[in-house]
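Subject: Structure handover

Hello,

Here is the structure for you to take over. My notes on what was found in it follow below.

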Amino acid sequence: MAHAAAHEEHEAGHPTPGTYAKIGLFLFVLTALEVGLYEITYGEHAGEFGHQIMPFFIPLLLGLSAVKFALVAMFYMHLKQDHRLFSGVFVFPLIIATIVILSLVVLMAYHWAFATGG
Amino acid sequence: MSDHAEVLDTSTGLDSRKLAIWTFIGSECMFFASLISNYLVHKEQWMSGPGPFPHEAWTDPATGKVLEPIIEVPLVTVGTALLLFSSLFIVLALYGAQRGRRGMMLGWLGATIVCGLFFVGMQVYEFTHFVHKGLTLQRNLFGASFFTLTGFHGTHVTIGVIWLITMFILALRGQLTPERSLKLEMAALYWHFVDVVWIIIFPVVYLIK
């Protein structure tokens, strides 16, 4: 009885196939946006608008990627519904990983700047 | 013996196998962070060797030789879309497995495997194309860091496909019951991770110049 109740509670928290499909469609749209952004900024059809948004190109792309990453982790990997320990085990290394990437990029940017006398 | 019978009392109250796969995924985050850092640090170092330029045509001022771009965004976009859809398919397969819907599980699991195989095929084609254009692992720092990053990801996808094929065989034999669906859930978590890594690699490598 308790097991059945727990199962129902578990069921209630999980998304339905319809929700999964909507998220899948949204992920596809976000990917199309990324490629579209690339095309209007650097592609064959790049114009004045593309030139204007060039400074925001990298932050926009990284923002879109972060949204896609979060959607897959929260809904497809069920971190939104699962025990918080799983989130902790995943997010803690993810934070370290992000710090490692940022630190190395900044460090090496300084290195190349000094190496080339810039 | 069912998987429920094998579950031990744990201090967390959680299944240790699921905690193990999440810990593994956490360690993989740091592994790929090192490869992405390596790529970002060396991506501009294509001039340390005799080309080719990755994103757009470039004329060597010394020789006047025009180096053609080798990155093909449309091809990789198709691969990216396939990998994204495969994440949707595997979560639907898991939904079927957890509810004893065998047809749903087998159908979506098969679709996931097909998407994975197409992605691996796309990467094999891309690598072959790059080597023919002159970009090899030894050519320059860009080539070395590019092939290391995308190659390791491709290896992960290949391992994922093999894992999913074994799940498909288990399902065909009727050994992937709702009680044993954790087996598929672990494979699905790994597959989603491979997808989220590509979500980062795709813009960083192919879209950002």
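**Helix 4 of chain B and its surroundings**

Helix 4 of chain B is followed by B:Gly134, which has a positive phi, near 110°. Please note that this is a predicted model.

The helix itself has 32 residues, and at 1.5 Å a residue these should span 46 Å.

Several residues of helix 4 in chain B are buried, among them B:Met105, B:Trp108, B:Leu109, B:Gly116, B:Phe119 and B:Phe130. The polar residues B:Thr112 and B:Gln123 are on that buried list too. What covers the buried residues of this helix includes helix 3 (73-98) and helix 5 (141-172) of chain B.

**B:Gly116**

B:Gly116 sits in helix 4, which runs over residues 102-133 of chain B. Is B:Gly116 buried or exposed? B:Gly116 has 25 other C-beta atoms within 10 Å, and 20 or more is the cut-off, so B:Gly116 counts as buried.

Setting aside neighbours within four places in sequence, B:Gly116 is in contact with B:Ser86, B:Val157, B:Gly160, B:Val161 and B:Leu164. The C-alpha atoms of B:Gly116 and B:Thr158 are separated by 7.6 Å, although the two residues are 42 apart along the chain.

**The largest nonpolar core**

The largest nonpolar core holds 73 residues, and B:Ala93 and B:Leu109 touch the most other members. At least two residues of this core come from each of helix 2 (17-42), helix 4 (57-76) and helix 5 (84-115) of chain A, and likewise from each of helix 2 (16-42), helix 3, helix 4, helix 5 and helix 6 (182-207) of chain B. Helix 6 of chain B gives the largest share, 18 residues. In chain A, domain 1 (2-82) and domain 2 (83-118) both give residues to this core, so the core lies between them.

As for B:Leu109, residues up to four places away in sequence are not counted here; beyond those, B:Leu109 touches B:Ala93, B:Leu164, B:Met167, B:Phe168 and B:Ala171.

**Chain A**

Chain A has 5 helices and 0 strands, and its pattern along the sequence is α-α-α-α-α. Of the 118 residues in chain A, 22% are buried. For contacts in chain A between residues at least 6 apart in sequence, 52% join residues at least 24 apart.

Regards

Notes: Residues numbered from 1 in each chain as written. Chains lettered and ligands numbered in written order. Predicted model: local features only at pLDDT ≥ 70, side-chain atom pairs only at ≥ 80, totals over all residues. Helix = DSSP H or I, 4+ residues; strand = E, 2+ residues; numbered from the N terminus. Buried ≥ 20, exposed ≤ 12 C-beta atoms within 10 Å, placed from the backbone. Contact = placed C-beta atoms within 7 Å. Expected span 1.5 Å × (residues − 1). Core = buried A, V, L, I, M, F, W, Y, C linked by C-beta atoms within 7 Å. Domains from an automatic or database assignment.
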